[in-house]
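Biologist: Could you take me through how the features of a chain like this one are read, with the cut-offs spelled out as we go?

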Amino acid sequence: MKKRIEDFAKLENEGADTLPSAERRRFLRLGLTVTGVFAGGTVLSLTSSRPARGALVGGEMLRKDPYKPHYSMVIREDRCIDCQRCMDACVKTNDVPEYGYRTTILERELEVGPGEKQREFMPVLCNHCNRPPCVRVCPTKATYKDEKTGIVMMHYEKCIGCKTCMAACPYNARYFNEEKRAIDKCNFCFDTRLSKGEKLTACAAACPADVRIFGDIADPDSRVYKLVHEPTRVVWVLRPETGAMPNVFYTKG
């Protein structure tokens, strides 16, 4: 499934001062400083406000992080070549039907010079939010945030297919599975790989360009933690204005 997105590179930085102070404080508690606001708050750029280890070891975030491991993903967007091996691996591993998807790749076209254009790709999936809107609106508690790992999961047997979670999701990361008669979504391959001892999701393991970095954001020695908290590295999340506190981060390089 392919979709076009706005040309973010052309957006004007509206300045972090336009973001509500409560929102800025929430990111500061995670050791991140908001450096830019774009498209009316739809996109934020973030950078580490503390040295990588210092943000967690003996620090506030470690004490307050309720999940261990706290699974997260960093997507190095400019490395994606749209080979779609991640999507194929997800379909095969999680038995995703042809009409459905757990992850996809968005596409945009940039003007890099007179008459010259360049395509860029943005992998997207469930953001496993700390405050997931889908969980709040589910009338049967069929979708829930796992208390140990922070993964947003499904009790398929409880789902009545009302699709309120699909409407509430800021990332369009859910679909109705006709065979299961229930909503389906990414669960970081918990049942198909992580629970069986694998360390990576199928999409991360299949990526030939090392775009998708998966791991424990609560572990200062993990790649995801080091990338998110690397000094001077710009990291951003999608749709921060929803207050969902996503756990999928984007960066370049």
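Biologist: What percentage of the 253 residues of the chain count as buried?

Modeller: Buried means under 20% relative accessible area, exposed over 50% and partly exposed in between, with a 1.4 Å probe and protein chains only; here, 52% of the 253 residues count as buried. This is a predicted model, in which local features need pLDDT of at least 70 and side-chain atom pairs count only at pLDDT 80 or more, while totals for chains, interfaces and linings use all residues. Residues are numbered from 1 along each chain as its sequence is written, and side-chain values use heavy atoms, with hydrogens and water left out.

Biologist: Which residues touch the most other members in the largest nonpolar core?

Modeller: In soluble globular proteins, nonpolar side chains tend to be buried together. A nonpolar core is a set of buried Ala, Val, Leu, Ile, Met, Phe, Trp, Tyr and Cys residues joined through side-chain atoms within 4.5 Å; the largest one has 42 residues, of which Met73, Ile75, Leu125, Phe188, Phe214, Leu238 and Tyr250 touch the most other members.

Biologist: Which strand pairs with S13 in the parallel sense?

Modeller: Strands (E, at least two residues) are DSSP runs numbered from the N terminus, and two of them pair if DSSP finds at least two bridges between them. Strand S4 (residues 71-76) pairs with S13 over 4 bridges, and methionine 73 has valine 248 as its bridge partner in S13. Strand S13 (residues 248-251) is covered on both faces, with Val248 and Tyr250 buried on one side and Phe249 and Thr251 buried on the other.

Biologist: How many helices and strands does the chain have?

Modeller: Helices are DSSP runs too (H or I, at least four residues), and the chain comes to 7 helices and 13 strands.
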